[in-house]
Amino acid sequence: MNRICIQNVAVLAITCSLAIAMNYSVACAQTTSPETRTEVQASTTQTASATADKKPFLTRWIDFYRTDWNGTAVAGPAAPRRGVSSPLNSPPFPSADWSYGGSPTIGESDGNVYPLQTAINGATSRTKVYGWIEPTANLSTSRDRNYPETNDIYSNRVELGQAVVYVERLPDSVQRDHVDWGFHLTGFFGTDYRSTTNKGYFSQQLIDHNRQYGFDPVLEYVDVYFPHVGRGMNLRIGRYISIPGIEAQLTPNNYMFSHSVLYAVDPFTDTGALATIQLNDRWTVQAGVSASHDVAPWTPDAKPAFTGCVSYTTTNVNDNFYLCANGINDGKYAFNNLQMYDGTWYHKFNKTWHMATEIYSMSQRDVPNTNGSIAPEKGTNGANCRPGLQRCFAPEWAVVNYLNKQLSPHDFISLRSDFLNDKKGQRTGYATKYTEETLMLSHWIGTTVQIRPEIRFDRAWDRRAYDNGTRQNQFTVATDLIFHF
């Protein structure tokens with residue numbers, strides 16, 4: 001698919017969705033609990049299911065959107081769950097719970113329903129097919145590259161960021177009677193494959209050819225739920241997202257369209273096995289082993305790496321602390337063999353205000369000197385070592401904060417403040433300190449279309465690091481549109 005064709009598709013998608021926003025009023029009832037999204041979708045499913053045998057497939061699919069956008073669905077019962085209540089409303093926020101990676105939320109049922117699956121069979125099966133299309137657009141003071149701004153690294157473009165299809169079955173972790181299972185398969189296409197590429201999984205598209213668009217099977221795993229280990233244990237085996245952090249590669253899981261510079265250089269996906277154990281309503285622990293970060297087990301860069309995390313939520317559910325040692329081994333230089341220590345803190349001030357803060361330290365040792373005779377591995381950067389050294393230790397650390405305010409059941413604003421110190425330039429290619437500030441407004445149309453315009457200012461403090469090393473400052477105006485199906 002050539003770039004002009006993709007851009008035309010993206011422009012058409014944006015135009016159609018804006019027309020939808022202007023012609024359909026969002027008249028949903030006020031959100032009074034974090035389960036509202038599930039309740040509305042469940043009611044929509046019931047309506048669609050009742051007439052599924054009478055209407056053609058396409059009509060059922062369109063009817064789901066008509067009901068969702070007009071707000072004519074009547075809220076049904078909340079999906080069953082055990083444990084503490086959810087602290088947030090989703091929508092407008094990407095999640096109702098303080099999330100941890102590498103597992104479904106233990107004790108929460110799969111109450112989500114989706115337009116496509118509803119049209120197929122009334123969403124009556126536990127295996128579900130769903131996804132989204134995300135056209136994006138940005139205007140930038142940089143001419144060619146916005147990097148290390150991510151995911152809109154190409155300047156002044158309309159693009160297809162993500163076109164994603166999921167096939168998924170979640171294990172039933174509400175019950176505590178029997179072992180249950182689930183699985184997840186993903187088809188992922190767009191410019192954002194650059195942020196998911198894992199060496200050994202079609203990675204030649206980026207590492208060898210540096211293509212603008214690519215395909216990646218981002219998530220491929222099996223979940224097995226054991227109800228009698230603690231208050232429930234989920235064992236995940238396969239390829240999954242590197243578990244710490246606020247942000248994720250899959251765009252609906254994020255507060256904003258663009259990502260922090262902190263996110264742009266940390267690990268993306270791991271292949272291995274991870275156990276998540278809920279000890280009680282407050283404590284969850286995780287332990288696992290992987291082939292190291294962003295490499296398949298069959299590649300020469302693979303080496304066993306340990307991940308361990310602990311999550312604690314306060315009694316009033318207003319605070320959550322999530323600490324991880326991620327991908328720990330000898331730390332010797334290889335493709336993204338990062339030694340990562342990460343902590344996140346979520347805090348809810350009141351019904352409409354909350355914040356999310358993350359800080360990490362990462363490093364590799366024996367990284368080739370960019371001015372030495374040892375060539376860095378393809379797809380990686382060397383380090384700015386002291387003169388005379390062939391290799392050196394390359395550390396970096398970063399911190400990011402999101403301050404979020406819910407304006408209505410369908411709107412919130414977010415302010416992100418971000419700092420990265422890439423001390424040896426091994427992550428971004430430039431040894432410098434970075435800061436960025438981003439202000440974003442998120443608006444939902446029903447529960448199936450989300451628009452996220454933003455304004456952003458970046459600065460590299462020690463040298464020119466933006467637009468292929470030609471600018472110290474960068475200002476961008478950007479938006480995406482997520483159309484769920």
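A residue is called buried when its relative accessible area is under 20%. I began with that meaning in mind, and I noted that what I have open is a predicted model.

**Entry 1: the chain as a whole**

I looked up how much of the chain is covered, and found that buried residues make up 58% of its 485 residues. The accessible surface came to about 19100 Å², and carbon and sulfur atoms hold 60% of that area. For the secondary structure I wrote down 6 helices and 18 strands. I then turned to contacts with a separation of 6 or more, where residues 24 or more positions apart account for 66%.

**Entry 2: charged pairs**

Side chains of opposite charge can pair when their charged atoms come close. How many salt bridges does a search of the whole structure find? I recorded 24 of them, and I picked out a few to follow by residue.

**Entry 3: Arg126 and Asp180**

The side chains of Arg126 and Asp180 form a salt bridge, with 2.8 Å from N to O. I traced where each partner lies: Arg126 sits in the loop between helix H4 (115-121) and strand E1 (127-140), while Asp180 belongs to strand E3 (residues 180-190), so the pair links parts of the chain 54 residues apart. Are the two partners buried or exposed? Arg126 is partly exposed, because its relative accessible area is 35%, whereas Asp180 has 5% and therefore counts as buried.

**Entry 4: Lys378 and Asp208**

Next I checked Lys378, which forms a salt bridge with Asp208, their closest N and O atoms being 3.3 Å apart. This pair also links distant parts of the chain, 170 residues apart, with Lys378 in the loop between strand E12 (353-368) and strand E13 (391-408) and Asp208 in the loop between helix H5 (204-207) and strand E4 (214-216). Lys378 counts as exposed because its relative accessibility is 52%, and the cut-off for that word is over 50%. Asp208, with a relative accessible area of 45%, is partly exposed.

My last stop was the salt bridge between Asp458 and Arg456, where the closest N and O atoms are 2.7 Å apart. Asp458 has a relative accessible area of 0% and is therefore buried, and Arg456, at 1%, counts as buried too.

Key:
Residues numbered from 1 in each chain as written. Predicted model: local features only at pLDDT ≥ 70, side-chain atom pairs only at ≥ 80, totals over all residues. Heavy atoms only, no water. Salt bridge = Lys/Arg side-chain N within 4 Å of Asp/Glu carboxyl O. Helix = DSSP H or I, 4+ residues; strand = E, 2+ residues; numbered from the N terminus. Buried < 20%, exposed > 50% of the residue type's maximum accessible area, 1.4 Å probe, protein only. Contact = heavy atoms within 4.5 Å. Areas by Shrake-Rupley, 256 points an atom, 1.4 Å probe, with all protein chains shown as cover.
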